[in-house]
Amino acid sequence: MIKITNLEKIYRTEEVETIALNKLTIDVKEGEFVAIMGPSGCGKSTLLNILGLLDDPDGGSFIFNGVEVAHFNERKRADMRKHNIGFVFQSFNLIDELTVFENVELPLIYTGVKPADRKKRVEEVLDKMQIMHRRNHYPQQLSGGQQQRVAVARAVVNNPKLILADEPTGNLDSSNGNEVMELLTDLNEQGTTIVMVTHSEHDARFSHRIIRMLDGTTVTENILI
Amino acid sequence: MFKNFFKVAFRNLLKRKGFTIINISGLAIGMASAILILLWVQNEVSRDRFHEKGDRIYRAYNKSIFDNKLQCWSTTPKILAPTIQKDYPEVEEVTRVHWGANLLFSLGDKRLNVRGTMVDSGFLHMFSLPLVKGNPDKALSNTYSIIVTEKLAKKLFSDEDPMNKVVKIDNRDNFTVTAVMKDLPNNTMFDFEYLLPWSYMKARDWDDDNWDNNSTMTFVMLKQNASITAFNNKIKNITYDHLKGREKIEVFMYPLEDQYLYNRFENGKPAGGRITTIRVFTTIAMLILLIACINFMNLSTARSEKRAKEVGIRKVVGAMKSSLITQFLGESVLIALIAAVIAIVLVQLALPSYNLLVKKNLRLEFGNPYFWLAGLGFVLFTGLIAGSYPAFFLSSFRPVAVLKGTFRKVSALITPRKVLVVAQFTFAIALIICTIIIQHQINYAQQRETGYDRTNLAYVFLCGDMEKNMQLIKNDLISQGIATNISKTSAPITESWSDSWGFEWPGKDPNDKTDFYRFCSDGNLVKTTGMKIIQGRDIDLINYPTDSTALVLNESAVKAMNLKNPIGTPIKDNGIDWHVVGVVQDFILQNPYEPMRPMVVEGPKGWFNVVHIKFNEANGMQKNIAETEKIFKRYNPEYPFEYKFVNEEYAQKFADEETTATLARLFSALTIFISCLGLFGLATYMAENRIKEIGVRKVLGASVANITALLSRDFLRLVIVAIVIATPIAWWAMHNWLQHYTYRVPISWFTFIVAGVLAIVIALATVSYQAIKAAVANPVKSLRTE
């Protein structure tokens, strides 16, 4: 599903040039659950942003579902993103002015789903995430665990092929963290490919494969199953 | 999608009430100000542009050289109109419109002094001033027929049908109502409540065939497809030819639709006029609206950090930049819509006072579909202007930066927000400077020596038996101690009704075409008005029987005639031989902004329309008026006693400038208020954003004064930059404006200092509230907030 070859990303300021990704090469197969680990500044998040088409690389190749996407323009990237990729962030990133229902509904609005279908789809997902009873609440009225479940619901509502999770349990206690990891595992078992950046060895053990990075490139790969 | 946008927009508005109030109220006040100005502008530009056949109607003007300049004027000989009608086949209709006059209407016990005029029957076919009753072809065919407006019909006949009713006019002639005209709209130059046929001018012997006497207005309507250029070429020598070449006067037709807006001529060519004022006020309206929009832009972008996360999330879940731009523009249009509703309420509340100020009857035309269309356009325009910068600014955020928290606001030396604040204050300061200078100019002219004493001086228009009984009236007023002096004159002392370049005196250069004001007095004018005699004496028929042809000159006239010893000089005018008996100091007759012009005061053989009364100041004015009314009623019982105080009439000369000054004051105050609203909002955000810095500084020992100064400094810098930019702009604008006045105030550098200090004080007062609030807050609390 994902084939990255010699990927490069360099951040430049007036005085400093920082190599975030250094000829990185990674493959992720469809249905895989991959955890990416490494110390802060090793390029994990940069990789995730490029995988999510939120950022573009400075060199190398990125083939997604058989299509070279490394140099897609803003419009094509947004189009590819909204149909294929879901995101889960450490800090949940829900819109405070929208209710749980409306937050989850948002991706469907941008993909042009009709209101009646949207309602049905959002309710199904909220039900699945066991957060239906909170559908009319605002994010600030929910616990951290509940907010992250809403974020996962929003990530999966469009049935994406790929979910990118950036330290999804980073702001949660262990109990809520486990619940979120189990949700991701369930989604993976249903066929969704997951790439997760984490600092937590515990969370990484939920994945099939752990890629460890240092200085913008992979240093080891551990296959867990 | 739009539902989602509006949901977020509404919730954002409700969530941040303070900023919503600042944003919407600023925009509403800006819009209300712009609407008020644009209502006035719309009324001005529509003046006499609503006549269906307006594109074919022209007013006759004359062009000739006098006072060494090629000058244009619009009073024409009475004979011009019938001559045009007779001799020029391309003319469809022609009408004369005489100057409006107040005539007494008597009906039973009713006595009304009503303003009206005399016209040719072509008037009714040319102008779109419709009759609600009567036939326009016949309404003015009889000498004693009259057309009344609906308003006058109501006053005279209440609810009865006015048609064929008879009313007595000027206490002598009976007129039959042949038509009722719809009341005049407020955007026409015409001002009458009745129309009499021109044939009545003949019946009263007021008409003449004199090509020398420019004394009425002439309007011409050409036939369809007739060429105005060709017609102007044909007609230009009409007066010259009829005068057999005695005077080189050229006649030309000027479009009716231009004669209000482009009423100034320089060297015989149109050179703007009213349109300049209209353009200035339209610019002010646009700038006020822009200032309100700038507030919106500044506050929206200042709040960008609060909206950044939303932008990031929307982009992550698939929003394009274009859909975000649509969303933010939609939000600003929504806010503009809410502001517009409030603005309309404000305008409705302000209109009665505003109408008094601008002396118009402006109103919002709710029943007119164009009003709603224009309103919608106005809202869209405001919303799109206000929302444009924030929309592009917010939608350009990179999701990676905002969602990872690496997004930071820009703090460059020059940011768009700073530029906008400077632009706002530049305009506000320029308006303050202009307001001060306009007021200085008015004060300067008001304090100018008039040349006579206006206190306790009133005048009454001669009517009925007044002239016949003048000596009796005079005797009663003086013997009862009500008045100290009385003089009959040709016109009020505040107006020039007559002028001429036809005076002849010994040694006059035959090519000299100096124009002199012509004024008449039956004597004692110096005593009555308090003018100062410089040489000789006043006209005094009682002690000098030959004074019926006596004449007094002013200083400027003596200079213009180049007379070494003016007393006794014979002067010829209108076939009468006058002789100079005195010279008075120059006094302001017409325009207090113009230099003194030469003037001739002719003696009792002249013509009289007015009586001036100098009241005895020992009595109260109320008593003087009451007693005078009794005396006038005794000797002129048919007419109501109506008088005017010279002081009040003189003050009217400043009315236009006073209105301009009041509007400038009003709109500069509003501009400053709107700018300060924005500044207050920005200061609030600044205080919020720098809360941690303030806490740390306080912990390290900074005083409240240090912190307040720190937070105010940035804004102060912007205001100082605005002062530097506004100063030359305002100087240039006012320098140009003052060129319209010959008698003008010099622009003082002190004005700029006052305006600058005022702006700084206002800006500091606005910002310091938030600065002090932030500075006195407990640092522990502010550090915990972070």
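Residues are numbered from 1 along each chain as its sequence is written, and chains are lettered from A and ligands numbered from 1 in the order of writing. The model is predicted; local features need pLDDT of at least 70, side-chain atom pairs count only at pLDDT 80 or more, and totals for chains, interfaces and linings use all residues.

Chain B is divided into domain 1 (1–47 + 270–409), domain 2 (54–269), domain 3 (416–444 + 654–786) and domain 4 (457–653), with bounds from an automatic or database domain assignment. A distance of 22 Å separates the C-alpha centres of domain 1 of chain B and domain 3 of chain B. Their contact involves 23 residues from domain 1 of chain B and 21 residues from domain 3 of chain B, where two residues are in contact if their C-beta atoms, placed from the backbone, lie within 7 Å. On the domain 1 side, α2 (17–45), α9 (274–302) and α11 (321–358) of chain B each supply at least two residues; helices (H or I, at least four residues) and strands (E, at least two) are DSSP runs numbered from the N terminus. The largest share of this side, 12 residues, belongs to α9(B). By class, the side has 15 nonpolar, seven polar and one charged residues, with Ala, Val, Leu, Ile, Met, Phe, Trp, Tyr, Cys and Pro counted as nonpolar, Asp, Glu, Lys and Arg as charged, and the others, Gly among them, as polar.

Between chains, 20 residues of chain B are in contact with 21 residues of chain A. The chain B side draws at least two residues from each of α1 (2–15), α10 (304–316) and α13 (399–403) of chain B, and α1(B) gives the most, with six residues. This side comprises 10 nonpolar, three polar and seven charged residues.

A nonpolar core is a set of buried Ala, Val, Leu, Ile, Met, Phe, Trp, Tyr and Cys residues joined through C-beta atoms within 7 Å. A residue is buried if 20 or more other C-beta atoms lie within 10 Å of its own, exposed if 12 or fewer, and partly exposed in between, with C-beta atoms placed from the backbone. The largest nonpolar core has 84 residues, and B:M31, B:I288, B:A292, B:I429, B:I433 and B:A759 have the most contacts inside it. Its largest share, 15 residues, comes from α14(B). At least three residues of this core come from each of domain 1 and domain 3 of chain B. Leaving out residues up to four places away in sequence, B:A759 touches B:F425, B:A428, B:I429, B:I432, B:V719 and B:I723. Another core, apart from this one, has 83 residues, among them A:L21, A:V34, A:F87 and B:A308.

An unreviewed UniProt entry places the feature "transmembrane region" at several spans of chain B, including 371–397 and 666–687; such annotations may be inferred rather than shown by experiment, and positions are in the numbering used here, with feature names shortened. Residues 371–397 of chain B are 93% helix and 0% strand, with end C-alpha atoms 39 Å apart. For residues 666–687 of chain B, the corresponding values are 100% helix, 0% strand and 31 Å.

In strand β19 (residues 516–520) of chain B, five of five residues are buried. B:F516, B:R518 and B:C520 lie on one side and B:Y517 and B:F519 on the other. Strands pair if DSSP finds at least two bridges between them. Two bridges join β19(B) to the antiparallel strand β18 (residues 499–500) of chain B, and four join β19(B) to the parallel strand β24 (residues 599–602) of chain B. B:Y517 stands opposite B:D499 and also opposite B:M599 in β24(B).
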